Amino acid sequence: MDLLRSLLDNIDFDRLLGQFAYSPKSPMIFNTGFFLLLFLGFLGIYQLLRGHHRARLLYVTAFSLFFYYKSSGWYFLLLVFSTIVEYNFALWIADSSSQTKRKLLLTLSLIVNLGMLFYFKYTNFFLSGYQALTGQPVPVLHVLLPVGISFYTFQTLSYTLDVYRNQIKPLRNIWDFAFFVSFFPQLVAGPIVRASDFIPQIPKKPFLSREDMGRAVVLIAAGLFKKAIISDYISLNYVDRIFDMPTRYSGIENLLGVYGYAMQIYCDFSGYSDIAIGIALLLGYKLPPNFLSPYQSTSITEFWRRWHISLSSWLRDYLYIPLGGNRKGVVRQYINLFLTMLLGGLWHGASLTFVLWGALHGAALAVDKLFQKIFKPGDNWFIKLLGWFITFHFVCFCWIFFRAGTFDIATQVIHQITHNLRPDLLPQVVASFRAVFVLVALGYLLHAIPDGFTFQLEGAMGCRSVVTQAVVVTVVIWLVIQVKSAEIQPFIYFQF
Amino acid sequence: MNSSRSQNPFLLVLLTVGLLGLLSLLKPGLTVGGVELRPVRLLADILRKDPTAVARLDAPPPNGPATATPADTVAAAAPPDSAEVAAKTRAPSVPNLGGLDSFLAALRQTKADGSPVRIAYFGDSMIEGDLITGDLRNSLQTEFGGTGVGYVPINSITADFRGTIHQTFSDDWKEYNLVTPKLPTEYPLGISGHVFLPRALASGDSTAGTPASASWAEFRGGGPFAAVRRFEQAQLFYGPGAARDEVLVTTNGHEVPHALTGSRAVNAMLLKPGVPARTMRLAFATHRPRPVYGVSFESSRGVVLDNFSFRGNSGMSLTRIPFKELAAFGKVLDYRLIILHYGVNVASASNKSYGWYARAMTRVVDRMQRAFPNASILIVGMSDKSSRIDGEFQTDPSVPRLLAAQQQLAQRNHAAFWNLFEAMGGENSMVSWVEESPALANKDYTHVNSRGAHKIAGLLFDFLMQQYAHPTPGPTTKPATRVDSSGPAAAQTYAPDTASAIQ
């Protein structure tokens, strides 16, 4: 009791309230202490509302909007706007019998949705491009990018398109639709959930089986480990430094920086997805998997079936196939692949480096298709190993452009690797950044674990008591705290 | 257990929070296998901040040229040790004019009649690739005239990427430098901290002219600053060697052989292309190992600023350049200002005091003063550098301590002092430089990037111009009262200069 009283005495209510306010510098992310406490409070009420369908949905939607407000401030109104507009467009499309009218409505919906995405994300990109081409000065707009806009616009787009294609029936209650659009676990960083996967779950009473609970615990624990331990540590203590000034480091350090970044982005992205999927699972909703050990791929085509699956399948269904897919001859197929990936690159960020990244992947997909067609390579272990080696290094090479931000930096990284490799420094580099490379190696080791083992682990976790499960999560959070507050590695420049 | 019952996720999270709450009760400072465990503070974001927990920084010294620290603000409780007392009563061996006076007088002369003024800027990785110095040189040359990037060593770690000059060279040069474990006495290090030996020609090689296989170095002007894009004139610095050695200089497509006739410790050869050149190639036909130091691109009027960067240097290893050699450079290079900008390789949280550093650097300053008697010395106090303390980036506690030592160093040696830390914005400025958009500093929370370097150069230029317009009175000889209790032993425990892998 005394403990509680002293705790209450110590709470700084201004700071407590401040935690709930919009703060662009501390967006709402899962791997924070504040989220954990908030989620605890949220879940308490959520459990009480389990039997009250409408109240529960409204409650989650309100929480989701708050969640978004915390990261994006008044931009949460965009989410509300998007919800209202798309809900109505879908209804009008579904209720309209004239094909022309349906087409018109769909076009309008696309204009609103993509227009919003374009305005916030690409205006300055195209303005500066126009300036570079014409030499005429163009004012730069000071627009902040609303968090997660790329994710939720794609999500609502898929809904309207599916309704247009008669693949799903539109929702007849706007609150249901708002619940789908704003569902906070995947709201700001994916996975991009398809309406067809999610909508059928809305009317059901959430049910969390033992297996699901085990799976959620494994996903959250592994996700936290990947995101908050591996990714955060290696980026701060190594990778960021390399990409800040590649010329300060020898080629071997740059090369390790690239391998490190490949692990960092995978852990960051897939880890966060895993936490999102795990949290959704705790609430009783199943989201599709987003990453399936992508660096195990033995071809670039396979890579895109394992990497950011919710995006690549979205691009396939709503861009590649409408462009004609493989139905209009081989040449058109290759062009379609290339275009799809080019736009997919641009989706990741408004910069030419992302466009090049997409173009490289697009070209590689086309080359892979052609190669498979002509040579029909066998299935022996050597071909597989060779395929894996080439695929992994090609993906890493493309990451250089993805991470660099500018072509200058990318060129410098490549130049250092090709001209100043200095492999003799390797032992010193590894010894100086031991913790970093232990984590990178651990990341790759965990990555090599077959999926079957993960399923077994999830099953085993489901059979454990909730206390054991809580201990597992606690241990990982405790590790996160240790890593988060650890001192950073001192900088080291080697003579080369 | 009925597997068809829905599990309760609330219980899972509640237990997790409870377990973390228990962990937060653990005594702080627990260690496991020598590693200190970080405390769990689940409510850190909403609890009142404990004022005693906030790391207290020592007050950083004030800015300005060797301003004497008021005794009352820094009077230390500990009695001064005898070495300190001895050090502060010793006058500099060669009294110069004090502060920046010598430099400012030269600069006024330059403004009046264009006579040349030469500046040496020594530093570590902070100035590598002409960071800071490139912008500073450009500002000075714009204001006072002059062209050229100044002294460039034959070979450099930044050769491919230095924005203000591009260097290529054959791979057969032999190099010794400040971190070479054992230095040969016959090839002393030059002013940049390097000495290079071209491959000596075999006796079978042709005796007349320079064979194609000779060691070579090529320089190409370029970059953002107009004043350094073309070579108006150049000086080659080399040591003694065989009488029939020669260097083949190629500019604007003309090849001109020059005999390396100098036999002094440092010889300067003036190279003046008919029209300012874009590239210059030097191929060395030497018959015995002969030290070659570097080439300086300059003009006969205005400002020349040399960048002497050496990564990992704390400044202390400059004493590895033999004094005789330094003095020999002093005969051919008339410096009016020598800037010493060090610190990021010295500051470390484990060091509680830097008296040893001030003493070691006193030797460096003393040698500079004797080798370049006309030069003012400016000590640039270190930039802000952050550490992560309890999960938050903040100014490393060693920074103000080192700054105090650097200021003390300036004071004792009648040198000027510029407090870069304060100029950047003082405490925690590095954090905001990293977080600024676009960023001014790198994620190592130590090094600035080109934008940050540009900003620092502007701040330093402003400081110099302010002194130029209103010179403050020369430094007082009043001794500093701040003392450090640690003896020189501390210097031995931290000797980054000699490590092969260095910070």
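**Stop 1: the two domains of chain A**

Start by colouring chain A in two parts: domain 1 covers 75-201 and domain 2 covers 210-494. Bear in mind throughout that this is a predicted model. Taken over C-alpha atoms, the centres of the two domains of chain A are 27 Å apart.

Now show the residues where these domains meet. Domain 1 of chain A brings 25 residues into contact with 30 residues of domain 2 of chain A. Together the two domains bury about 2400 Å², and 70% of that is on carbon and sulfur atoms. Select Phe125(A), Pro191(A) and Arg194(A) next: these three supply 24% of the area that domain 1 of chain A buries against domain 2 of chain A, more than any other three residues.

Which helix gives the most to the side of domain 1 of chain A that touches domain 2 of chain A? Select H7(A), which supplies seven residues.

**Stop 2: the largest nonpolar core**

Next, select Trp399(A) and Leu378(B). In the largest nonpolar core, which has 257 residues, these two touch the most other members. Helix H11 of chain A, residues 210-244, contributes the largest share of this core, with 19 residues. Both domain 1 and domain 2 of chain A give residues to this core, so it lies between them.

Centre the view on Leu378(B) and display what surrounds this residue. Not counting residues up to four places away in sequence, Leu378(B) touches a set that includes Leu100(B), Leu337(B), Ile339(B), Phe417(B), Trp418(B) and Phe463(B).

**Stop 3: where chain B meets chain A**

Zoom out and select the contact between the chains, which takes 63 residues from chain B and 61 residues from chain A. The two chains bury about 5900 Å² between them, 65% of it on carbon and sulfur atoms.

How many salt bridges does the rule find across the interface of chain B and chain A? There are two. To see a salt bridge between the chains, select Lys443(B) and Asp240(A), whose side chains meet at 3.2 Å, N to O. The interface also has twelve residue pairs in polar contact. Among the elements on the chain B side are helix H1 (9-24) and strand E18 (386-389), each supplying at least two residues. H1(B) gives the most to that side, with twelve residues.

**Stop 4: a buried asparagine in chain A**

Select Asn254(A), in helix H12 of chain A, residues 251-282. With 0% relative accessibility, Asn254(A) counts as buried. A polar atom of the Asn254(A) side chain lies 3.1 Å from the backbone oxygen of Pro246(A). Other residues that Asn254(A) touches include Ile242(A), Tyr249(A), Val413(A), Gln416(A) and Ile417(A).

**Stop 5: salt bridges in chain B**

Finish with chain B, which has twelve helices and 20 strands. Of its 503 residues, 55% count as buried. Over all chains, a search of the whole structure finds 25 salt bridges.

Select Lys111(B) and Glu143(B) to see a salt bridge at 3.4 Å, N to O. This pair links distant parts of the chain, 32 residues apart, with Lys111(B) in helix H4 and Glu143(B) in helix H5. Lys111(B) is partly exposed, at 44% relative accessible area, and Glu143(B) is partly exposed too, at 38%.

Move on to Glu298(B) and Arg118(B), whose side chains meet at 2.8 Å, N to O. Because Glu298(B) lies in strand E14 and Arg118(B) in strand E3, the pair ties together parts that are 180 residues apart in sequence.

How values were computed
Residues numbered from 1 in each chain as written. Chains lettered and ligands numbered in written order. Predicted model: local features only at pLDDT ≥ 70, side-chain atom pairs only at ≥ 80, totals over all residues. Heavy atoms only, no water. Core = buried A, V, L, I, M, F, W, Y, C linked by side-chain atoms within 4.5 Å. Buried < 20%, exposed > 50% of the residue type's maximum accessible area, 1.4 Å probe, protein only. Helix = DSSP H or I, 4+ residues; strand = E, 2+ residues; numbered from the N terminus. Domains from an automatic or database assignment. Contact = heavy atoms within 4.5 Å. Buried area = accessible area lost by both parts, 1.4 Å probe. Salt bridge = Lys/Arg side-chain N within 4 Å of Asp/Glu carboxyl O. Polar contact = N/O pair within 3.5 Å; in protein donor to acceptor, adjacent residues only side chain to side chain.
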